[in-house]
Amino acid sequence: MIGKPLLLTYLYLLIYILLSSGVILYNKWVLSPKYFNFPFPITLTMIHMGFSGVVAFILVRVFKVVSPVKMTFEIYATCVIPISAFFASSLWFGNTAYLHISVAFIQMLKALMPVATFLMAVVCGTDKLRCDVFLNMVLVSVGVVVSSYGEIHFNVVGTVYQVTGIFAEALRLVLTQVLLQKKGLTLNPITSLYYIAPCSFMFLFVPWYLLEQPVMEVSQIQFNFWIFFSNALCALALNFSIFLVIGRTGAVTIRVAGVLKDWILIALSTVIFPESTITGLNIIGYAIALCGVVMYNYLKVKDVRASQLPAESIPERVSKDWKLEKKSSDLHTPDNSNNTNNVGSNGGNPFTSDSKVDEEAPLIPSSRLSHIGRTQFSGYTA
């Protein structure tokens, strides 16, 4: 019989998969000229950032759910502002890609996330160039190229937007580790939104004023309050669902859930949006890229586990584990709550490599894992 903690974990994973897929499909429906016809991705992203910032402000300042961190001007200027700039850029470019390419093809391009993060980490000096990881990155890149070649409605502009958004998000992840972790600053989901969302909103205001505001004045815009409110609410809920998931599962479980979600999303997108078709070459290319991602995930998880082992010999560790196990069995403590909590203690972090974060909800920092290398845990507004 499935225990209550395990059942709750499966429920959180299901909620994450549903919300992540729903937000992506919802954004596509809102932005697509064929459906709701609101082709203003910067505006949509600003709505999300503004809504999240307001909710976070109310939770922090009015209801005092969490306390704000000690944020000096120096930390804000050197850490929060550059991170917010790249976060805003990744959301802007990612949302703009929906105007030109299908959801299925976007999910296939997102397989490049480990490649982009690895390259940015090597450039910034937070990771070393390793032959095994490099070969995996080559395999992922080849798979994405094959998938792109098989795309019927291939669009250069949309592909450039999506790839640019991926590299902007990768740089944001690396900067988060380099800047925030060195400052010893830890933000939870609410305080992350509290500091980063308003700053991202301001960065988006300039391109919005130059690119979209003049067009919006002369175009026939249909603005439905409930559509945009529910869309922003779903994006916010996704952000918190990822926090629940990484608190109850390990990195491996999160990665498997992310891969499962991508396949479900690709299948759903072809049903909801009939114009997006998948070819056999698409599937073959994505399968090749996925093989590289899975092997990369295995290497990173193995690295994390190795770094968590104490510096003692294997025989000594086996002997110690056997003695502790025997002692605990003699005491007979049937409460397994500690074991359950330990499962989540190795969970991922959207700011680290071993977390599967979502492009739509990446504002959940943690310092549990030390490597950076984001994969496909997809979600906030991209």
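Q: Where does Ala121 sit?
A: Ala121 is in helix α5, residues 113–124. Helices here are DSSP runs of H or I with at least four residues, strands are E runs of at least two, and numbering starts at the N terminus. This is a predicted model, where local features need pLDDT of at least 70 and side-chain atom pairs count only at pLDDT 80 or more, while totals for chains, interfaces and linings use all residues. Residues are numbered from 1 along each chain as its sequence is written, and side-chain values use heavy atoms, with hydrogens and water left out.

Q: Is Ala121 buried or exposed?
A: Ala121 counts as buried because its relative accessibility is 0%. Buried means under 20% relative accessible area, exposed means over 50%, and partly exposed is in between, using a 1.4 Å probe and protein chains only.

Q: What is Ala121 in contact with, leaving aside neighbours within four places in sequence?
A: Thr126, Asp127 and Val174. Contact means heavy atoms within 4.5 Å. Ala121 and Val174 are 53 residues apart along the chain, yet their C-alpha atoms are separated by 5.9 Å.

Q: And Thr191, what does that touch?
A: Val66 and Ser67, not counting residues up to four places away in sequence. Thr191 lies in α8, residues 189–218, and is buried, with a relative accessible area of 1%.

Q: Switching to backbone angles: what is phi of Asn37?
A: Near 65°, a positive value in a residue other than glycine. Asn37 is in the loop between α1 (4–31) and α2 (41–62), and it counts as partly exposed because its relative accessibility is 33%.

Q: What about phi of Lys64?
A: That is positive too, near 55°, and Lys64 is likewise not a glycine. Lys64 is found in the loop between α2 and α3 (73–97). With a relative accessible area of 60%, Lys64 is exposed.

Q: OK, aromatics. How many pairs are there?
A: The count comes to 18 aromatic pairs. Rings of Phe, Tyr and Trp (its six-membered ring) pair if their centres lie within 6.5 Å; planes under 30 degrees apart are stacked, over 60 edge-to-face, and the rest tilted. One of the pairs is Phe38 with Phe40, edge-to-face at 5.2 Å centre to centre and 75° between the planes. Both Phe38 and Phe40 are buried.

Q: Which way do Phe205 and Tyr209 pair, stacked or edge-to-face?
A: Stacked, at 6.1 Å centre to centre with 20° between the planes. Both lie in α8, four residues apart, about one turn of the helix. Phe205 is partly exposed at 35% relative accessibility, and so is Tyr209 at 49%.

Q: Which residues form the aromatic cluster?
A: Tyr26, Trp29, Phe36, Phe38, Phe40 and Phe228 form one cluster.

Q: Where is the kink in α3?
A: At Val80, about 30°, shortly before the proline Pro82. The bend at a residue is the angle between axes fitted to the seven residues ending there and the seven starting there. α3 has 25 residues and reaches 35 Å from its first C-alpha to its last, close to the 36 Å expected at 1.5 Å a residue. That expected span is 1.5 Å times one less than the number of residues.

Q: What's the mean pLDDT of the chain?
A: It is 80, and 79% of the residues reach 70 or more. pLDDT is the predictor's confidence in each residue, from 0 to 100.

Q: Where is the pLDDT below 50?
A: Over residues 317–357, a stretch with 87 contacts in the model beyond near neighbours in sequence. Residues 359–382 also stay under 50, with 169 contacts beyond four places in sequence. Where pLDDT is low, the predicted coordinates should not be read in detail.
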